[in-house]
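The following exercises are to be worked with the sequence and the coordinates at hand. Each task is followed by a stepwise solution.

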Amino acid sequence: HLNQLKEKYEVFMWDSAGDPMPKKRFLEEMEDADAALTMLSEKVDAEVFEAAKELKVVSNLAVGFDNIDLEAAEKNDVIIANTPDVLTETTAELAFTLMLTSARRIIEANRELESGDWTGWSPYHMAGTDVYGKTVGIFGMGAIGAAFARRLKGFDCRVIYHNRSESKYAADLDAKLVSFDELLEQSDFVLCAAPLTEETKYKFDQEAFGKMQDHAHFINIGRGAHVVETDLKKAVETGDIAAAALDVYDGEPISKDHPFIGMDNMTLLPHIGSASVATRDDMVQLCVDNITHVLEGKAPLTQVK
Ligand code: 8YV
């Protein structure tokens, strides 16, 4: 896909698998750039928009765009595009994987086996909890939340959700809109699938975890900054909640010294929500198409409002 850009335009590429691009270098590269294809690791803030005099479009390889200062983009007349829809089912699958992994203590069980500590069978050995028939609360019933909820139907779950208002995605799902407190109090599993905004930032704090049931599992595929991580650690340690399953962290990547590492009732993944080969192909293609559309004077396919 990137070759399509190289055929038409002069392209500078930073190896994103290595160290993140230093801010100074980013600013230099952006000085005469017409377009930028960015990821979460690039903070596209007011300073970048001021420096990028030729910039017409920022095409973000993600559905989320909390790494981009939308106000500064608008002020500088730069179009922002993202990659919604193409990653919906893949990300919902990962959320489901996290929920089942946490419920059935898969990481803990695998650790036991691999460390040679599996000594025999007993009735409650590695006994987890069922998802079948449970109440599942979704914080952020957008496209991904709804795709997750559709999967819950096969598990005969009761689905409740919290949004600012009725979600257009919830109509055929038999999912009930509830207050944030009701979501916390009633759910056996809570999934955070919301976009990160000023309103949703650090929404899951000590008070929120305190309201959850002590057997409840918390799953996060949104953003790490939805959660006060020290509060989550305490909640899991003290038994305020049973377990957490996370794909995202407040400050990524995390190292092996992160306080969550090694905890039995934590399922931890390195932000791979949308990481299937087919979906990543689609995301990159959409990013490229969004750039070419704008540079050819057309509207991008998926513009951030
Ligand atoms: C991206 C994501 O892969 O879409 C999002 O918002 O978090 C992931 O799908 C990640 O942001 C890399 O840029």
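**Exercise 1.** At what angle do the axes of helix H5 and helix H7 cross, and within what distance do they come? Classify the crossing and characterise the contact.

*Solution.* The model under study is a predicted one.
Step 1. Helix H5 covers residues 88–103 and helix H7 covers residues 143–153; their axes come within 8 Å and cross at roughly 55°.
Step 2. Parallel pairs are those under 35 degrees and perpendicular ones run from 65 to 115, so H5 is oblique to H7.
Step 3. The crossing in which H5 passes H7 is right-handed.
Step 4. On the H5 side, the contact is formed by Thr88, Glu89, Thr91, Ala92, Ala95 and Phe96, which meet Ala143, Ile144, Ala147, Phe148 and Arg151 of H7.
Step 5. Sorted by class, the residues of this contact comprise seven nonpolar, two polar and two charged.

**Exercise 2.** Determine how the chain is divided into domains and how far apart the domain centres are.

*Solution.* Step 1. Domain 1 consists of 2–85 + 276–295, and domain 2 of 88–268.
Step 2. Taken over C-alpha atoms, the centres of domain 1 and domain 2 are separated by 31 Å.
Step 3. Contact between the domains involves six residues of domain 1 and six residues of domain 2.
Step 4. The domain 1 side of this contact has one nonpolar, three polar and two charged residues.

**Exercise 3.** Identify the residues that surround the ligand and sort them by class.

*Solution.* Step 1. The surrounding residues are Met39, Leu40, Leu61, Ala62, Val63, Gly64, Leu87, Gly273 and Ser274.
Step 2. Six residues of this shell are nonpolar and three are polar, with no charged residues.

**Exercise 4.** Locate the backbone features at Arg105 and Pro253.

*Solution.* Step 1. Most residues other than glycine have a negative phi, and most peptide bonds are trans.
Step 2. Arg105 is not a glycine, yet has a positive phi of about 55°; Arg105 lies in the loop between H5 and helix H6 (106–114).
Step 3. The peptide bond from Glu252 to Pro253 is cis, its omega being near -5°.
Step 4. Pro253 belongs to the loop that runs between strand S9 (243–246) and strand S10 (266–268).

Conventions: Residues numbered from 1 in each chain as written. Predicted model: local features only at pLDDT ≥ 70, side-chain atom pairs only at ≥ 80, totals over all residues. Near = placed C-beta within 6 Å. Nonpolar A, V, L, I, M, F, W, Y, C, P; charged D, E, K, R; others polar. Domains from an automatic or database assignment. Contact = placed C-beta atoms within 7 Å. Axes fitted to C-alpha atoms, helices over the stretch in contact; angles between N-to-C directions. Helix = DSSP H or I, 4+ residues; strand = E, 2+ residues; numbered from the N terminus. Parallel < 35°, antiparallel > 145°, perpendicular 65-115°, else oblique. Left-handed = near helix turned anticlockwise from the far one by under 90°.
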